[in-house]
Amino acid sequence: MTSDAATSWLTWQLRHGPGARDPVPLFHQALRSRSPAALEALVDLATCGSHDAASLLQTVLADGPPRASLQPRRRRALAGVAFVWAGMLRSPEQLRAAALVFEALWPGDGLSWLGPQLRMTSLQTLYLAGRYDQLSTLLSGLEGLHPDAAHYLRVDLANPHGPSSLALEEAAWEQLLSARFVERDLAPLQLRDADSGAGTDGPSAFDRLAAAGSVAGSAPGGDLVTVIMPSWCPDEGLLTAVRSITEQTYPDLEIVVVDDCSGPGYADVYAQVAALDPRVRVLPMERNGGSYLGRAAAIETSRGSLITFQDADDWSHPSRIEHQVRALEQAGPEAPMTRSRAVRAKDDLTHQWLGYRAVRENASSLLLRRSVLDRTGGFLPVRKGADSEFAERVSRLHGRIVDVEIPLAVTRLRAGSLSRGDFTFSWAAPERRAFRASFMAWHRRLSRRRKAEGEVTIDDATLAGLPFPVPRSWTRGLPVERQLPARLDTAYLGSFTSPPSRATAWLSAELRGSADAEQAGLWHQEGHAATDLRRAELDRSLDDPLLDHRLWLLSRMDAQSVGRLVVLDLSVLALLGGQEVRVRAEEVEVWLSTETVRPGPSGLPEDVLGASDLVRSWWGVRPRWVIAPWLEESEAQELRLALPGLDLTVDGADDLRARGAVDLGVREASDAR
């Protein structure tokens with residue numbers, strides 16, 4: 001079977017399955033999986049089969065989208081096509097076509113059948129596609145949108161430093177830019193004179209940020225606050241970030257800038273940083289270790305009883321630390337830490353990140369009592385995600401975080417910025433999803449211990465020992481990398497969601513029943529029949545094997561070597577087609593169940609031949625076909641009758657070799673002769 005045939009098979013399954021009733025979950029699935037077949041299914045639904053994705057794109061660009069007076073289901077499917085075009089971020093042509101579709105669908109009902117986030121995303125598409133006049137018209141008198149979403153669209157249309165053709169004079173735009181700060185009694189934002197920064201073209205609008213009328217050190221002092229700022233190969237943004245801390249109204253500061261082994265070419269930047277203020281100290285690292293090892297080193301050498309952080313290219317409002325310290329004091333001595341909000345912005349101080357509002361929680365703003373670290377440990381020694389895990393751990397064990405619901409920073413959106421490239425509209429990097437599932441399992445165990453023991457203390461030695469599995473790519477070049485298995489004998493690929501499937505129940509029982517079980521990998525992947533708006537999380541019944549290090553979580557982006565990859569659920573392979581897979585497998589077994597051969601909601605069973613081709617394209621081998629060990633004998637017989645052309649074995653590779661079974665590739669060659 002060719003790849004085109006496999007795509008057509010999956011397209012039919014998606015087109016005639018749950019997506020036929022409601023296209024909205026289908027387009028979210030298309031964005032989560034990046035599956036070409038899911039986009040084709042949406043196009044087929046929207047056009048009743050008169051177009052494929054390529055021809056619809058050309059038609060929309062040349063002649064506009066199909067009639068706006070489509071029946072409701074077709075309108076939803078057409079909107080879904082536009083969301084996928086925009087959300088994939090693949091070409092200017094797809095973005096422009098998405099904007100044209102949304103313009104055609106807005107008149108009449110204003111896309112009121114979509115939720116506020118999706119309506120915002122459609123308007124962001126118009127902005128990013130350069131449809132400024134059309135966006136301005138739609139924003140006039142618009143209701144039902146989140147106030148922040150509407151506000152920052154208007155701010156960006158008025159921005160004289162951005163691409164909009166509707167820009168205002170700078171003073172008028174600065175008033176709009178400052179509104180979310182001023183309404184919370186904070187000093188308004190303004191831009192410094194352009195000649196006050198470095199660079200041949202002058203500093204960006206972001207690097208000119210300041211606050212009008214704010215006076216450094218003007219607030220009452222108190223406990224010493226250590227501000228830690230890890231950096232690597234910095235540019236002008238580091239000066240912006242450090243300067244924003246030196247201009248804080250709270251006076252009692254120690255500022256530690258970590259040089260994460262940037263190299264001699266950056267000595268001048270760090271010299272400029274150190275010269276900004278006598279409270280600034282540059283801490284060089286002997287080897288590159290990432291933000292969290294840099295934070296740990298800075299904490300070790302710091303003096304403050306309170307500790308906070310700043311990303312090396314962000315800007316903090318002068319009142320940020322003053323407000324967070326005050327909130328911590330007012331919350332009382334049992335409150336472990338505070339966190340504030342931030343406004344996301346690009347270098348030109350526009351704010352549109354497709355599918356996301358500009359105002360958000362600021363993960364790097366955590367301001368904590370040093371004593372918390374004695375009870376909870378510090379940050380996990382990995383390269384990504386440790387701030388989210390740390391905040392969850394502290395709040396679960398030692399009390400809620402005090403959230404200061406005020407935007408007290410502007411965080412920079414740049415391609416390649418730490419962590420920000422791991423999220424796009426309705427999609428998150430698979431290794432991030434695996435990491436979150438893993439640490440949430442550990443946190444559930446900690447909560448149970450706390451309930452039983454009354455108090456739980458975590459030290460840095462526990463964290464250094466990796467109390468839960470982490471993505472291999474996040475340990476690159478770090479000491480903890482040595483703790484990850486270089487090779488897994490076996491890994492299981494399937495959809496391990498709640499409620500547990502028969503495959504999940506079997507695997508959980510198998511792992512729990514053997515104290516000497518080998519280390520295995522678990523690769524959780526969504527199946528094509530999923531109908532939720534969000535990707536389902538890993539089933540909790542696998543928590544104990546995961547945390548006892550009998551399971552190591554994999555994602556398709558992990559460069560992990562596996563001796564035997566066992567596919568427990570054939571439906572997960574279909575959505576992986578066309579995706580990059582870095583997992584290396586020497587042998588592949590597909591364990592077949594009755595669900596494989598019984599027609600699903602679309603009327604088709606699973607695509608066995610397409611799965612075989614996909615396995616061969618990734619790993620250069622044909623799969624071995626195994627009757628799933630959880631099946632009754634009658635079900636096994638059903639499989640044999642339904643798949644007479646396949647050589648099936650029972651329960652495992654050893655039995656397969658003993659019987660000398662011939663794989664599907666040989667069978668296909670024999671049939672061809």
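This is a predicted model: local features need pLDDT of at least 70, side-chain atom pairs count only at pLDDT 80 or more; totals for chains, interfaces and linings use all residues.
Residues are numbered from 1 along each chain as its sequence is written, and side-chain values use heavy atoms, with hydrogens and water left out.

**Two helix pairs**

Helices (H or I, at least four residues) and strands (E, at least two) are DSSP runs numbered from the N terminus. Helix H7 covers residues 116–128 and helix H8 covers residues 132–139, and the two pack at an angle of about 150° with their axes 8 Å apart. H7 is therefore roughly antiparallel to H8, given that angles over 145 degrees count as roughly antiparallel, those under 35 as roughly parallel, 65 to 115 as roughly perpendicular and the rest as oblique. The axes behind such values are lines fitted to C-alpha atoms, for helices over the stretch in contact, and the angles run from 0 to 180 degrees between N-to-C directions.

On the H7 side, Leu 123, Leu 126 and Tyr 127 meet Tyr 132, Gln 134, Leu 135, Leu 138 and Leu 139 of H8, where contact means heavy atoms within 4.5 Å. The residues of this contact divide into 7 nonpolar, 1 polar and no charged; Ala, Val, Leu, Ile, Met, Phe, Trp, Tyr, Cys and Pro count as nonpolar, Asp, Glu, Lys and Arg as charged, and the others, Gly among them, as polar.

Helix H5 (residues 72–88) and helix H6 (residues 92–105) have axes that come within 8 Å and cross at roughly 150°, and H5 and H6 are therefore roughly antiparallel to each other. H5 passes H6 in a left-handed crossing. The contact brings Arg 75, Leu 78, Ala 79, Ala 82, Phe 83, Trp 85 and Ala 86 of H5 together with Gln 94, Leu 95, Ala 97, Ala 98, Val 101, Phe 102 and Leu 105 of H6, and its residues divide into 12 nonpolar, 1 polar and 1 charged.

Strands of a sheet pair through backbone hydrogen bonds, either parallel or antiparallel. Here two strands are taken to pair if DSSP finds at least two bridges between them. Strand S11 (residues 402–412) has 9 of its 11 residues buried, so S11 is largely enclosed by the rest of the structure; buried means under 20% relative accessible area, exposed over 50% and partly exposed in between, with a 1.4 Å probe and protein chains only. Strand S8 is mostly covered as well, with 8 of its 9 residues buried. The pairings of these strands are listed below.

| Strand pair | Sense | Bridges |
|---|---|---|
| S7 (residues 315–316) and S11 | antiparallel | 2 bridges |
| S8 (residues 337–345) and S11 | parallel | 7 bridges |
| S8 and S10 (residues 367–369) | antiparallel | 2 bridges |
| S8 and S9 (residues 359–361) | antiparallel | 3 bridges |

Val 410 in S11 is the bridge partner of Trp 315, and Val 410 also stands opposite Val 343. Arg 344 has Thr 411 in S11 as its bridge partner, whereas Ala 342 is partnered by Arg 360 in S9 and Met 337 stands opposite Leu 368 in S10.

**An open sheet of 7 strands**

A further open sheet has 7 strands in the order S16-S15-S14-S17-S18-S19-S20, with parallel pairing. Its edge strands, each pairing on one side only, are S16 (551–554) and S20 (648–650), and the twist averages 30° from one strand to the next. Within this sheet, strand S17 (residues 561–567) runs parallel to strand S18 (residues 584–592), joined by 6 bridges, and Val 562 stands opposite Ala 585 in S18. Helix H23 (residues 608–619) packs on the sheet, touching S15 (520–524), S17, S18 and S19 (624–627), and the direction of H23 makes about 170° with that of S18.

**Backbone features in loops**

A cis peptide bond, with omega about -5°, joins Ser 498 and Pro 499, and Pro 499 is found in the loop between strand S14 (487–494) and helix H19 (502–512). Arg 34, a residue other than glycine, has a positive phi near 60°; Arg 34 lies in the loop between helix H2 (23–33) and helix H3 (36–47) and is buried, with a relative accessible area of 18%. Ser 426, likewise not a glycine, has a positive phi of about 65° and is found in the loop between strand S12 (423–424) and strand S13 (427–428).

How values were computed:
A crossing is left-handed if the near helix is turned anticlockwise from the far one by less than a right angle, and right-handed if clockwise.
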